[in-house]
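I am opening this notebook to keep track of what I look up, entry by entry, for someone who has not seen this structure before.

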Amino acid sequence: MSDYFLRIYKDSDYHEARDLFASGLKEHINTAFRHALGLTHVWLPALAMLTLPMLNLMSITTLILAFALALVALWFSARYMYTSYINHALSDDMLDIDKYYLQRDGYCFWVAESARGEFMGMIAALPSSNPGGEKHLELKRLSVVKQHRGKGVAKVLCRRLIDFARKRGCEAVVLTTTLPQRDACKLYDKLGFRLTDNYYYPKLLSRVVDFRILAYQYDIPAASQ
Ligand SMILES: CC(C)(COP(=O)(O)OP(=O)(O)OC[C@H]1O[C@@H](n2cnc3c(N)ncnc32)[C@H](O)[C@@H]1OP(=O)(O)O)[C@@H](O)C(=O)NCCC(=O)NCCS
């Protein structure tokens, strides 16, 4: 028997929902940073710089300082990718969750709660604003509290959302995530979502650190709509 259940968001969830949303995304900053460190256009110039002290073109101290500065700049770039998105969402749909998700047709916000009353995870649904996506529902704000991961909570939350989409006559569920969110990508693959797009945003900085946005789509079988 499962030791948790799904319910609709309540105002008393407000702080936990916002904190979980922000912390769930900040977890990926270090993964994005490590990914950027492995990029050829990042480590090749660094390798080339190692020759400068040998050619007496730079002191070892300056080289160490330059490396330290470059690492800090790279980490802040990775951090910026997530924090700019988090700050925007916290002052947009996550500012008044009840008003945004529960008082409009086609929107919803669910919470997974343990039998002991703990907030375990959440997921939000809204009509897609993508061109041509009038019959698509967008999945957003999926996050599960760390100590409750690996128990199938996210899978159950996603299935609830897919069911909601099916009952509303939607043809597909769509979402975007980022390359460092590997657990989320595995989850979407497992549920039968397919990768439909792969792009950089914001364009210049995200190219430097290879920060890619991945778009996924789950097609709802016609017979079950
Ligand atoms: C992604 C996330 C929601 C998954 O939550 P979860 O409750 O642990 O996921 P589930 O237990 O339902 O796992 C479902 C499937 O996802 C995959 N998966 C999830 N976490 C995984 C991991 N750490 N390693 C490998 N596969 C994993 C598996 O295929 C798993 O199915 P299986 O257990 O039958 O093999 C959770 O890791 C999270 O909150 N991450 C931070 C926020 C985030 O990235 N959200 C996604 C927004 S797009």
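Entry on Leu157. I looked up what this residue touches in the predicted model, and, leaving aside residues up to four places away in sequence, I found that Leu157 is in contact with Leu6, Trp110, Ala112, Gly121, Ile123 and Leu142.

Entry on the core. I then asked which residues have the most contacts inside the largest nonpolar core. That core has 37 residues, and I noted Leu157 in this group together with Ile123, Leu139, Leu161 and Val173. Going through the elements that each supply at least two residues of this core, I listed helix H1 (14-26), helix H6 (97-102) and H7 among the helices, and strands E2 (108-114), E3 (119-127), E4 (136-144), E5 (172-178) and E7 (212-219) among the strands. The element that gives the most is H7, with 7 residues. I also recorded another core lying apart from this one, made of 6 residues, including Ala32, Ala78, Val209 and Phe211.

Entry on Arg159. Staying with H7, which covers residues 153-167, I checked Arg159, which has its place in this helix. I count Arg159 as partly exposed because it has 14 C-beta neighbours inside 10 Å, and a residue needs 20 or more to be called buried, or 12 or fewer to be called exposed. I also noted that Arg159 and Leu191, although 32 residues apart in sequence, are 8.4 Å apart in space from C-alpha to C-alpha.

Entry on H1 and H5. How do two helices that pack together get described? I use the angle between their axes and the distance between the axes. For H1 and helix H5 (residues 60-90) I wrote down an angle of about 165° and axes 10 Å apart. The two helices are therefore roughly antiparallel to each other, since angles over 145 degrees count as such. Their crossing is right-handed. On the H1 side the contact is made by Arg18, Phe21, Ala22, Leu25 and Lys26, and on the H5 side by Tyr82, Tyr85, Ile86, Ala89 and Leu90. Sorting the contact of H1 with H5 by class, I found 8 nonpolar residues, 2 charged ones and no polar ones.

Entry on the whole chain. Stepping back, I noted 9 helices and 7 strands in the chain, and a C-alpha trace that spans about 70 × 40 × 35 Å along its principal axes. Of the 225 residues in the chain, 24% are buried. Among contacts with a separation of 6 or more, 66% are between residues 24 or more positions apart.

Notes
Residues are numbered from 1 along each chain as its sequence is written. This is a predicted model: local features need pLDDT of at least 70, side-chain atom pairs count only at pLDDT 80 or more; totals for chains, interfaces and linings use all residues. Helices (H or I, at least four residues) and strands (E, at least two) are DSSP runs, numbered from the N terminus. A nonpolar core is a set of buried Ala, Val, Leu, Ile, Met, Phe, Trp, Tyr and Cys residues joined through C-beta atoms within 7 Å. Two residues are in contact if their C-beta atoms, placed from the backbone, lie within 7 Å. Axes are lines fitted to C-alpha atoms, for helices over the stretch in contact, and angles run from 0 to 180 degrees between N-to-C directions. Angles under 35 degrees count as roughly parallel, over 145 as roughly antiparallel, 65 to 115 as roughly perpendicular and the rest as oblique. A crossing is left-handed if the near helix is turned anticlockwise from the far one by less than a right angle, and right-handed if clockwise. Ala, Val, Leu, Ile, Met, Phe, Trp, Tyr, Cys and Pro count as nonpolar, Asp, Glu, Lys and Arg as charged, and the others, Gly among them, as polar.
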